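Subject: Structure for your records, with notes

Hello,

Here is the structure I said I would pass on.

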Amino acid sequence: MHAHDFNVRPDGRIRFLIRSTEDPLAQDGPNVIAGLSRLPKQISSVYVYDKRGTELFEQQCGTPEYYLRRVESQLLTSFACEIVETCGLLPLVELGAGTAEKTRLLLLEYAKRGSRCDYFPIDVDSATLIESAIKLTSDFPLLFVHCLGTTYEKGLAALPPSRQSRLFLFLGSSLGNMERPEIDRLLSRLFDCGAQGDYLLVGADLDKDASIIDRAYNDSVGYGPRSTLNILDHLNRRYGGNFVQANFRYQSRYDSLTRRNEVRIESLRNHTVTLSSLSFIVSLGAAELIDAEVMWKFDPQELVSILDRAGFSLVRQWIDLVYRYGLFLFRRQ
Ligand SMILES: C[S@@+](CC[C@H](N)C(=O)[O-])C[C@H]1O[C@@H](n2cnc3c(N)ncnc32)[C@H](O)[C@@H]1O
């Protein structure tokens, strides 16, 4: 989708705090080279999400096996009213907003109360961000969207200072897609850019029977694998690469001891791949695995103590006891 910064809505209810044409991964080539030069090789999961990757992820979310989206939506349907009553009608900042399908459930509460809402979605997939801003402002006449089409950290740094408290949203268990040091670093950025009294709502998947997790990431249609293998097409497009999907296979495994689901891309044969715009050639062996995504399945107490160490105290939690998925509301100390 092509959108220019100033003409997406004539009434000005969509604006860009970072230009819609700015590429958040423009300087990321060296990280790609570093990841593919390590052992084991690694590609950042941020490359799952171009426009096509988000479409595939959304399709995966619609499968019966992928309980995360369904259960988080049910929790928000039941408790959005309590969340808004606890926090008040604050401006919303969302990390990794994507299509913002679940955010709508909170926006409905603002609409029911006839309240204006200022919404600051941050997402590296700018195309999806703009598309969802257009749909949301059509459906919610008192909504003002301030788009930050960039990475979490750059988005938080570009937020305008606010005299009012804000409610930060981090849904979809996206916090669990980062390694622990990255989680700590992001929470510290979040703490620094906020103010005392801000709220943070985290949606987090919890430790559970491994078979439920295995099914979610190995859905019968194969959207999970396609969404992960789309990373290769994304790298090809961005860096002039010649990855061929047929030379690779998707692999997802949950380890209940570490409470970590690992998604890897397995090379099926010995071959080399060139990323021409990075002047980089990578050799891959048969059965070699590339680390692509991690999904932590939290112990609730551990999650609460990670947040507590970062300066966020638990206010309330809502946990689905069947699927073991939770919404955790924190307040910045
Ligand atoms: C797991 S999806 C969750 C989407 C949505 N919040 C939900 O709950 O369904 C993660 C979202 O975060 C975005 N994302 C991933 N890594 C990011 C990063 N480092 N900075 C900004 N956005 C990121 C992706 O583009 C994607 O829309």
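Strands β10 (residues 271-275) and β11 (residues 280-284) run antiparallel and are joined by five bridges. Please keep in mind throughout that this is a predicted model. The two strands make a hairpin with four residues between them. At its turn end, Leu275 is placed opposite Phe280 of β11, and Ser279, in the turn, has a positive phi of about 50°.

Most residues other than glycine have a negative phi, and most peptide bonds are trans. Ala287 is not a glycine, yet its phi is positive, at about 70°; this residue sits in the loop between β11 and β12. Leu39 and Pro40 are joined by a cis peptide bond, with omega about -5°. Pro40 belongs to the loop that connects α1 (29-37) with β2 (41-42).

Sheets

There is an open sheet of four strands, ordered β2-β12-β9-β8, with mixed pairing. The edges are taken by β2 and β8 (248-255); each has a single partner strand, so one side of each has no neighbour in the sheet. Within this sheet, β2 pairs with β12 in the parallel sense over two bridges, and Gln42 is found opposite Asp291 of β12. On the other hand, β9 (residues 260-267) runs antiparallel to β12, with seven bridges between them. Arg260 has Trp296 of β12 as its bridge partner, while Asn261 stands opposite Met295 in β12. Helix α8 (residues 210-217) lies across β8 and β9, and its direction is at about 160° to that of β8.

A further open sheet has eight strands in the order β1-β5-β4-β3-β6-β7-β14-β13, and here too the pairing is mixed. Its edge strands are β1 (14-16) and β13 (312-320), each of which pairs on one side only. On average, neighbouring strands of this sheet are turned by 20° against each other, with direction ignored.

Helix pair

How do α2 (residues 51-61) and α9 (residues 223-239) lie relative to each other? Their axes come within 8 Å and cross at roughly 175°. Angles over 145 degrees count as roughly antiparallel, and α2 and α9 are therefore roughly antiparallel to each other. On the α2 side the contact is made by Arg52, Gly53, Leu56, Phe57, Gln59 and Gln60. The α9 side supplies Tyr223, Gly224, Arg226, Ser227, Asn230 and His234. Sorted by class, this contact has three nonpolar, seven polar and two charged residues.

Domains

The domain assignment divides the protein chain into domain 1 (29-50 + 225-296) and domain 2 (55-209 + 299-332). Taken over C-alpha atoms, the centres of domain 1 and domain 2 are 28 Å apart. Their contact involves 13 residues from domain 1 and 11 residues from domain 2. On the domain 1 side, the elements that give two or more residues are α9 and β12 (289-296). Of these, β12 gives the most, with four residues. The residues on the side of domain 1 that touches domain 2 divide into six nonpolar, three polar and four charged.

Ligand

Which residues are closest to the ligand? They are Tyr49, Gly96, Gly98, Val124 and Gly172, out of 17 residues that surround the ligand. By class, that shell has seven nonpolar, six polar and four charged residues.

If you want to check a few places against the model, I would list the cis bond between Leu39 and Pro40, the positive phi of Ala287 and that of Ser279 in the hairpin turn.

Regards

Technical notes: Residues are numbered from 1 along each chain as its sequence is written. This is a predicted model: local features need pLDDT of at least 70, side-chain atom pairs count only at pLDDT 80 or more; totals for chains, interfaces and linings use all residues. Two strands pair if DSSP finds at least two bridges between them. A residue is near a molecule or strand if its C-beta atom, placed from the backbone, lies within 6 Å of it. Ala, Val, Leu, Ile, Met, Phe, Trp, Tyr, Cys and Pro count as nonpolar, Asp, Glu, Lys and Arg as charged, and the others, Gly among them, as polar. Axes are lines fitted to C-alpha atoms, for helices over the stretch in contact, and angles run from 0 to 180 degrees between N-to-C directions. Angles under 35 degrees count as roughly parallel, over 145 as roughly antiparallel, 65 to 115 as roughly perpendicular and the rest as oblique. Two residues are in contact if their C-beta atoms, placed from the backbone, lie within 7 Å. Domain bounds come from an automatic or database domain assignment.
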